[in-house]
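The following exercises concern one protein model.

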Amino acid sequence: LFLRGWSIMFACVGAIFVLAPNGTIRAINGLGAWMGDFPPAPESELRFWLSLGFAYMVLVTVLAWVASNDPYRRRGLLLILASGKAASSLSCLAFYLWTEPSFIYLLNFLVDGSIVLQMVPAWAAAGLLAPKSESGGPTIPGHDARERRVMRLALGHMYPAGGRAGLSAADVHLEESLWNYAATQGPAVVAGFRALAWILEWGTILFARTLTPFSGLPDRDAERYLSGWLESPWYPRRMVLFQLRFIADMHYFADARVKANLGYAAAPLPAETGPLAENSRDFAPSVWAWKSAAHAAKRAPKKAAKTLTARAAKGGAR
């Protein structure tokens with residue numbers, strides 16, 4: 001709506017320019033005389049510059065309209081539009097300062113300058129939108145950006161090959177699943193995922209004390225960096241990665257191959273293979289019950305560990 005509104009406005013102004021060029025100048029001169037002591041801009045019968053100005057207005061009209069059809073993929077057109085308006089605004093400022101201080105120069109400097117100040121943030125905001133597919137539905141955002149690579153690397157370290165259920169994040173296409181999930185939840189969730197990717201990418205400056213982005217770190221340093229997020233004493237930092245892992249777990253354990261490797265016919269709660277999963281095939285154990293049994297097995301005698309495992313299994317069944 002924002003871009004189409006500007007497109008209609010550009011078309012109307014261009015039509016006014018070409019249909020009543022001298023009337024436009026007279027009206028602006030009258031406004032300038034009412035607002036202050038501005039020398040009037042001269043009228044002209046030469047239509048060459050009018051033709052070029054009209055062509056420019058047609059161009060910005062088309063740019064705004066075409067960009068409005070898919071703001072995400074065509075947001076680069078907004079920078080082209082903003083460049084033209086910046087050239088118009090700054091040239092009028094120069095004419096106002098160094099040729100003749102007519103009100104028409106000052107007005108165009110302010111109007112076109114304000115358009116630049118709106119189009120640049122619009123270009124940035126369009127990059128946070130989920131793009132539309134050919135069928136009109138949401139698609140995976142970030143195909144041409146660094147966010148997908150950062151998210152893929154982070155998930156690859158969280159779900160390595162041979163780790164949970166023997167399948168890595170790449171094996172279950174976890175990164176694509178998360179982006180698709182974000183696209184179905186709306187632009188706000190997509191923006192959150194993309195912001196998270198950039199925070200992880202450049203958080204190395206603050207938390208790893210290096211100018212190398214996360215995607216450029218060696219594997220060992222990248223694992224240490226992510227562990228620092230999960231183990232941070234600062235609650236907001238710790239929760240950022242915890243929430244990502246919570247959402248990723250839901251998609252990871254929903255994969256049929258993961259469930260098969262864990263030995264469950266139905267979808268289990270997020271839990272790894274362990275004492276409860278091995279000793280029972282009739283129920284999906286609670287992750288807390290499994291962790292309690294594993295903790296006891298490491299520190300108690302063998303007989304006591306079996307007793308605690310059985311108790312935890314009963315609790316998980318309930």
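**Exercise 1.** Is Arg73 buried, partly exposed or exposed?

*Solution.* The model is predicted, so local features need pLDDT of at least 70, side-chain atom pairs count only at pLDDT 80 or more, and totals for chains, interfaces and linings use all residues. Residues are numbered from 1 along each chain as its sequence is written, and side-chain values use heavy atoms, with hydrogens and water left out.

Step 1. Recall the classes: buried means under 20% relative accessible area, exposed means over 50%, and partly exposed lies in between (1.4 Å probe, protein chains only).
Step 2. Arg73 has a relative accessible area of 46%, so Arg73 is partly exposed.
Step 3. Consider the partner of Arg73: a salt bridge joins Arg73 to Asp70, with the closest N and O atoms 3.3 Å apart. The term denotes a side-chain nitrogen of Lys or Arg within 4 Å of a carboxyl oxygen of Asp or Glu.
Step 4. Asp70, at 12% relative accessible area, is buried.

**Exercise 2.** State how many salt bridges the rule gives, and examine examples of them.

*Solution.* 
Step 1. The count comes to ten salt bridges.
Step 2. Helices are DSSP runs (H or I, at least four residues), numbered from the N terminus.
Step 3. Arg26 is partly exposed at 49%, and Glu43 is partly exposed at 41%.
Step 4. Another pair is Arg224 and Asp221, at 2.9 Å, N to O. Because these two residues are three residues apart in helix α10 (residues 219–230), about one helical turn separates Arg224 and Asp221.
Step 5. Salt bridges with shared partners also join Arg148, Arg152, Glu175 and Glu176 into one network.

**Exercise 3.** Describe how α6 and α7 are arranged.

*Solution.* 
Step 1. The axes of helix α6 (residues 147–158) and helix α7 (residues 174–185) come within 9 Å and cross at roughly 125°. Axes are lines fitted to C-alpha atoms, for helices over the stretch in contact, and angles run from 0 to 180 degrees between N-to-C directions.
Step 2. The angle therefore makes α6 oblique to α7. Angles under 35 degrees count as roughly parallel, over 145 as roughly antiparallel, 65 to 115 as roughly perpendicular, and the rest as oblique.
Step 3. The loop between α6 and α7 contains His173. His173 has a positive phi of about 55° although it is not a glycine. Most residues other than glycine have a negative phi.
Step 4. His173 is partly exposed, at 48% relative accessibility.

**Exercise 4.** Which residues form the nonpolar patch on the surface, and which elements supply them?

*Solution.* 
Step 1. The patch consists of Val18, Leu19, Phe54, Val58 and Val62, with about 430 Å² of accessible area together. Patches are made of residues with over 30% relative accessible area and no salt bridge; like charges are joined within 9 Å, and nonpolar side chains (Val, Leu, Ile, Met, Phe, Trp, Tyr) within 5 Å. Accessible areas come from the Shrake-Rupley method with a 1.4 Å probe, and for residues only the protein chains shown count as cover.
Step 2. The elements giving two or more residues are α1 (2–19) and α3 (48–69).
Step 3. The largest share, three residues, comes from α3.
Step 4. Phe54 lies in helix α3 and is partly exposed, at 34%.
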